[in-house]
Amino acid sequence: QVQLVESGGGLVQAGGSLRLSCAASGTSINLIWIMWYRQAPGNQREFIGGISSAGNTNYADSVKGRLTVTRDNAKNTGYLQMDNLKPEDTGVYSCKGITVGKNYWGQGTQVTVTS
C-alpha cells in the first residue's frame with residue numbers, strides 16, 4: 001500500500017516562503033512524476049508544478065519564477081519551494097504521485113498567506 005504524505009504547510013505573511021514535502025511511504029515504488037496541485041477556497045483544484053524522476057520540470061504560468069519543484073529519489077520525496085508568497089496562493093496543496101498505471105494522492109496541507 002502506497003501513501004503520500006504532505007507536510008510543511010502553515011500560516012505565512014505575504015512575501016514569505018514555505019517548503020512543502022510530499023513523502024511516499026509503503027511499498028518501494030518508482031514515482032515517475034510527482035505533481036503538485038492547489039485548491040483555493042471556492043475554486044477547482046489546479047495544477048501548479050511537477051517533476052519527473054529524471055528531473056524534468058513543468059510549471060503553471062501563474063507560478064513560474066516563485067515556485068520550484070525538486071525531488072530526492074533516494075527518499076522518494078518531492079518538494080515544493082514557494083517564495084514571495086501572495087494572499088492568492090492560499091489554499092490546500094496536494095501532491096500526486098504517478099507510476100505506471102496508477103496515481104496516488106496525498107491528503108493535502110493547508111497554506112494560508114496573510115496580507
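Biologist: What makes a set of residues a nonpolar core?

Modeller: A nonpolar core is a set of buried Ala, Val, Leu, Ile, Met, Phe, Trp, Tyr and Cys residues joined through side-chain atoms within 4.5 Å. This is a predicted model, and its largest nonpolar core has 26 residues. Those with the most contacts inside this core are W36, L80 and M82.

Biologist: Which strand gives the most to this core?

Modeller: Strand 3 gives the most, namely 4 residues. Several strands supply at least two residues each, among them strand 1 (2–7), strand 4 (33–39), strand 7 (67–72) and strand 8 (77–82).

Biologist: Why is R38 called buried?

Modeller: The term buried requires a relative accessible area under 20%. R38 has a value of 5%, and therefore R38 counts as buried. This residue is found in strand 4.

Biologist: Why is W105 called partly exposed?

Modeller: Buried means under 20% and exposed means over 50%, with partly exposed in between. W105 has 34% relative accessibility, so W105 counts as partly exposed. The residue lies in strand 10 (residues 102–105).

Biologist: Which residues is W105 in contact with, leaving aside its neighbours within four places in sequence?

Modeller: They are L4, Y37, R45, S94, C95 and K96. W105 and L4 are 101 residues apart along the chain, yet their C-alpha atoms are separated by 6.1 Å.

Biologist: How do you know that strand 7 and strand 8 pair?

Modeller: Two strands pair if at least two bridges are found between them. Strand 7 and strand 8 have 6 bridges, in the antiparallel sense, so they meet the requirement. Within this pair, L67 stands opposite M82 in strand 8. The hairpin has 4 residues between the strands, and N76 takes a positive phi near 50 degrees there.

Note on methods: Residues numbered from 1 in each chain as written. Predicted model: local features only at pLDDT ≥ 70, side-chain atom pairs only at ≥ 80, totals over all residues. Heavy atoms only, no water. Buried < 20%, exposed > 50% of the residue type's maximum accessible area, 1.4 Å probe, protein only. Contact = heavy atoms within 4.5 Å.
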